[in-house]
Amino acid sequence: MENQFSTENKPVNAPLIEKIQKKKDEFNCEPTPAFISASWTALFIGMVSYCIGLWNATMELNEKGYYFTILLFGLFSVVSVQKTVRDKLEGIPVTDIYYGISWFTTVASILLLIIGLWNADLYLSEKGFYGMAFALSLFSAVAVQKNTRDVKFLQLKKNKID
């Protein structure tokens, strides 16, 4: 019968290490080159379209700056959400405060765009254009981040095996 106070030389975080290793061993699905290319292309198209729309817009420079800042804020926020969700999935410790802030800033960026477009003196088609280009950019940023992380993880895993 094993004593619960055994003096084995295991690190304190051994259960966490074993859990992370098990999850890492389960994952082996490399994204295809077509999906990686499609993700980067969608990100490029969304961001460039949004910026070209801003460049050609007949709004004040401070308004253009507002919409551009929201795009950057949104992109950073969704990448942060994707990273924290993935870290939690892999058993990597993530503080609840950072996880919550990541989600809050993502929702805030979307709400700021909606509020800005709602109050903007733009045609409805322009508002729709900015909304769709923004949504495409955010979604594709998540896909690019996921692909980048998957590829890096599998490269590290392959290097350990070799």
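**Entry 1: the helix I started from**

I began with α3, which has 29 residues and reaches 42 Å from its first C-alpha to its last, close to the 42 Å expected at 1.5 Å a residue. The expected span here is 1.5 Å times one less than the number of residues. Helices are DSSP runs (H or I, at least four residues) and strands are E runs of at least two, numbered from the N terminus. After α3 comes Gly91, with a positive phi near 85°.

A note to myself on the ground rules: this is a predicted model, where local features need pLDDT of at least 70, side-chain atom pairs count only at pLDDT 80 or more, and totals for chains, interfaces and linings use all residues. Residues are numbered from 1 along each chain as its sequence is written, and side-chain values use heavy atoms, with hydrogens and water left out.

**Entry 2: the overall plan**

I then stepped back to the whole protein, which has five helices and zero strands. From the N terminus on, the order reads α-α-α-α-α. Of the 162 residues, 34% are buried; buried means under 20% relative accessible area, exposed over 50%, and partly exposed in between (1.4 Å probe, protein chains only). I also looked up contacts (heavy atoms within 4.5 Å). Among those between residues at least 6 apart in sequence, 74% join residues at least 24 apart.

**Entry 3: α3 against α5**

How do α3 and α5 pack? Helix α3 (residues 61–89) and helix α5 (residues 124–161) pack at about 40°, and their axes are 9 Å apart. Axes are lines fitted to C-alpha atoms, for helices over the stretch in contact, and angles run from 0 to 180 degrees between N-to-C directions.

On the α3 side the contact residues include Leu71, Leu75, Val78 and Arg86, and on the α5 side they include Phe134, Leu138, Val142 and Asp150. The residues of this contact divide into nine nonpolar, four polar and six charged.

Is Leu71 buried or exposed? Leu71 is buried, with a relative accessible area of 0%. Leaving aside neighbours within four places in sequence, Leu71 is in contact with Tyr50, Cys51, Phe134 and Ser137. From C-alpha to C-alpha, Leu71 and Ser109 are 7.8 Å apart in space, though 38 residues separate them in sequence.

Ser77 is also a residue of α3, and at 1% relative accessibility Ser77 counts as buried. Beyond residues up to four places away in sequence, Ser77 touches Ser102, Thr105 and Thr106.

**Entry 4: the charged residues**

How many salt bridges does the structure hold? I found seven, a salt bridge being a side-chain nitrogen of Lys or Arg within 4 Å of a carboxyl oxygen of Asp or Glu.

I looked at Lys83 and Asp87, whose side chains meet at 2.6 Å, N to O. Being four residues apart in helix α3, Lys83 and Asp87 are separated by about one helical turn. An α-helix has 3.6 residues a turn, so residues three or four places apart point the same way. Lys83 is partly exposed at 37% relative accessible area, while Asp87 is buried at 6%.

Asp150 and Arg86 also form a salt bridge, with the closest N and O atoms 2.5 Å apart. This pair links distant parts of the chain, Asp150 in helix α5 and Arg86 in helix α3, 64 residues apart. Asp150 is buried at 0%, and Arg86 is buried at 7%.

Lys88 pairs with Asp96, the closest N and O atoms being 3.9 Å apart. Lys88 is partly exposed at 36%, and Asp96 is exposed at 60%. Shared partners join Lys83, Arg86, Asp87, Glu90, Lys146, Arg149 and Asp150 into one network of salt bridges.

**Entry 5: a last look at α2**

Helix α2 (residues 33–56) has 24 residues and reaches 34 Å, close to the 34 Å expected. Its buried residues include Leu43, Gly46 and Tyr50, and what covers the buried residues of α2 includes α3, α4 (96–119) and α5.

Key. Nonpolar A, V, L, I, M, F, W, Y, C, P; charged D, E, K, R; others polar.
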